[in-house]
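Subject: Structure for you to look at

Hi,

Here is the structure I promised to pass on. Have a look at it first, and then read on for what turned up.

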Amino acid sequence: MNQIKLDCMLNPLAAEVVRIAAAIPGERVMDIGCGDTSIALARIAAVVKGIDLSRPMLRLASQRAKSIQGVTFTQADAAVVPFAQSVQLLFSRFGVMFFEGPIKAFSHLHSGLSEEGRLVFICWQKPSANPWMSLAGRALQPFLPAPVSPPDPRVPGHLPSLIQLM
Ligand SMILES: C[S@@+](CC[C@H](N)C(=O)[O-])C[C@H]1O[C@@H](n2cnc3c(N)ncnc32)[C@H](O)[C@@H]1O
């Protein structure tokens with residue numbers, strides 16, 4: 001399953017970004033594009049709401065979080081999700097790079113952040129800044145059939161298909 005491969009690759013990065021986020025017990029956190037990071041933040045005793053558009057991702061996160069206190073999962077679009085209460089930390093591991101209207105989406109997220117709140121996320125830079133990821137694909141390109149349409153790097157699933165290429 002791709003998520004297991006992704007977790008192996010991303011968990012070291014996630015550990016660092018969770019450390020930088022410096023959540024404290026009792027803080028309200030929204031994890032955008034949820035998963036293992038929601039669990040890691042809840043282990044610090046933050047009150048975590050993991051949101052995702054994807055039911056399979058939510059199902060997997062809920063299964064993994066069965067024995068963890070303080071974390072809930074909801075299907076929602078981060079760009080428009082209603083905030084019943086402001087949050088102190090907006091967090092994301094590779095979940096905020098798919099917004100169709102980033103300015104609108106981030107403005108909305110800002111409206112749900114408390115005054116002293118913070119946004120901490122990790123996302124990819126362009127392929128040329130990630131040769132470890134793009135080099136193998138480029139080397140194989142001449143031997144592969146042309147894609148039906150050019151891959152959109154913002155589309156979920158793009159990353160796993162690159163990993164399979166490698
Ligand atoms: C690359 S995955 C990362 C998932 C998880 N954070 C992780 O690191 O394993 C991106 C996730 O963001 C979710 N996502 C994309 N756009 C979203 C949005 N507007 N609102 C909520 N989730 C979104 C996708 O459904 C997908 O599960």
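Two strands count as paired here if DSSP finds at least two bridges between them. Please keep in mind that this is a predicted model.

Five strands make up an open sheet, ordered β3-β2-β1-β4-β5, and the pairing is parallel. The edges are taken by β3 (71-75) and β5 (113-122); each has a single partner strand, so one side of each is left without a neighbour in the sheet. From one strand to the next, the twist averages 20 degrees. As background, strands of a sheet pair through backbone hydrogen bonds, either parallel or antiparallel.

Val29, for instance, has Leu89 in β4 as its bridge partner.

On to the helices. α1 and α2 (residues 36-43) pack at an angle of about 35 degrees, and their axes are 10 Å apart. The crossing of α1 past α2 is right-handed. On the α1 side, the residues that meet α2 are Asp7, Asn11, Ala14 and Val18, while α2 brings Asp36, Thr37, Ala40 and Leu41. By class, the residues of this contact split into four nonpolar, two polar and two charged.

Next, the ligand. Which residues come nearest to the ligand? Out of the 21 residues around it, they are Gly33, Ser54, Ala78, Arg93 and Gly95. The elements giving two or more residues to this shell are α1 (2-21) and β2 (47-52). The shell has 13 nonpolar residues, along with five polar and three charged ones.

Is Cys34 buried or exposed? The cut-off for buried is 20 or more other C-beta atoms within 10 Å; Cys34 has 30 of them within that distance, so it is buried. Setting aside neighbours within four places in sequence, Cys34 is in contact with Gly50, Ile51, Asp52, Met57, Leu58, Ala61 and Phe73. There is also a pairing across the sequence to look at: Cys34 and Ser92 are 58 residues apart along the chain, yet 7.6 Å apart in space from C-alpha to C-alpha.

That's what I have for now.

Cheers

Conventions:
Residues are numbered from 1 along each chain as its sequence is written. This is a predicted model: local features need pLDDT of at least 70, side-chain atom pairs count only at pLDDT 80 or more; totals for chains, interfaces and linings use all residues. A residue is near a molecule or strand if its C-beta atom, placed from the backbone, lies within 6 Å of it. Helices (H or I, at least four residues) and strands (E, at least two) are DSSP runs, numbered from the N terminus. Ala, Val, Leu, Ile, Met, Phe, Trp, Tyr, Cys and Pro count as nonpolar, Asp, Glu, Lys and Arg as charged, and the others, Gly among them, as polar. Axes are lines fitted to C-alpha atoms, for helices over the stretch in contact, and angles run from 0 to 180 degrees between N-to-C directions. A crossing is left-handed if the near helix is turned anticlockwise from the far one by less than a right angle, and right-handed if clockwise. Two residues are in contact if their C-beta atoms, placed from the backbone, lie within 7 Å. A residue is buried if 20 or more other C-beta atoms lie within 10 Å of its own, exposed if 12 or fewer, and partly exposed in between; C-beta atoms are placed from the backbone.
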